[in-house]
Amino acid sequence: MTLPSYAAVVLGTAITYGLLFEVNNLLFSALTFSAGVNWIFLPSGLRLAFILVFGLSGALGIALASIVTSLLFFFEGDWLSSIVTGLISGGAPLLARKFCVDFLGLGADLQGLSGAGLLKMAGVFAIISPLMHQLWFVSQGVTQDFWSSTSAMVVGDLLGSLAVLYIARWAMLARRQKI
């Protein structure tokens, strides 16, 4: 991949992720458990989909968007917390993908995954990402109840991931049938 196309993927994923973050806030603000923890979090599915499709460049775009949203909405002016949160947001789906490919024998991208494979990958991601986020938040005094916040985040990430991944899978199947 050339540098301009790599940069375009990073910027495109960052913008798309940031926009879906805002859409999620508009649609599901009533379902917020606590700051940064939603009972339905569609951007988590986008995180996983971007990693499956774009790999590291997708992770960088997610990290960039997460840093910006963290600075604007959660950790106003706290660069360290925003950067670490962004790195977790971009890194957790990479870690989940690696775990699923190496240990569960799942395909490395969306095209070869069955519905059951998507469910497994979403489940692994919905555990890894909340654990990483909440460990960081507890260490910074942002989260007071680790288990409740982690549980709520697992539910939100799993529901959001399943929604986005199954919509993406359905769209790919529908596209193949039209060709």
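**Exercise 1.** Which helices are included in what covers the buried residues of H4?

Solution. This is a predicted model, in which local features need pLDDT of at least 70, side-chain atom pairs count only at pLDDT 80 or more, and totals for chains, interfaces and linings use all residues. Residues are numbered from 1 along each chain as its sequence is written, and side-chain values use heavy atoms, without hydrogens and water. Helices are DSSP runs (H or I, at least four residues), numbered from the N terminus. Buried means under 20% relative accessible area, exposed over 50%, and partly exposed in between (1.4 Å probe, protein chains only). The buried residues of H4 include Ser81, Thr85, Ile88, Pro93 and Cys100. Their cover, counted by contact (heavy atoms within 4.5 Å), includes helix H2 (42-54), helix H3 (56-74) and helix H5 (115-139).

**Exercise 2.** Find the salt bridge partner of Lys98 and describe the pair.

Solution. A salt bridge is a side-chain nitrogen of Lys or Arg within 4 Å of a carboxyl oxygen of Asp or Glu. The count comes to one. Lys98 pairs with Asp102, with the closest N and O atoms 2.6 Å apart. Because they are four residues apart in helix H4, about one helical turn separates Lys98 and Asp102. Asp102 has 43% relative accessibility, so Asp102 counts as partly exposed.

How values were computed
Helix = DSSP H or I, 4+ residues; strand = E, 2+ residues; numbered from the N terminus.
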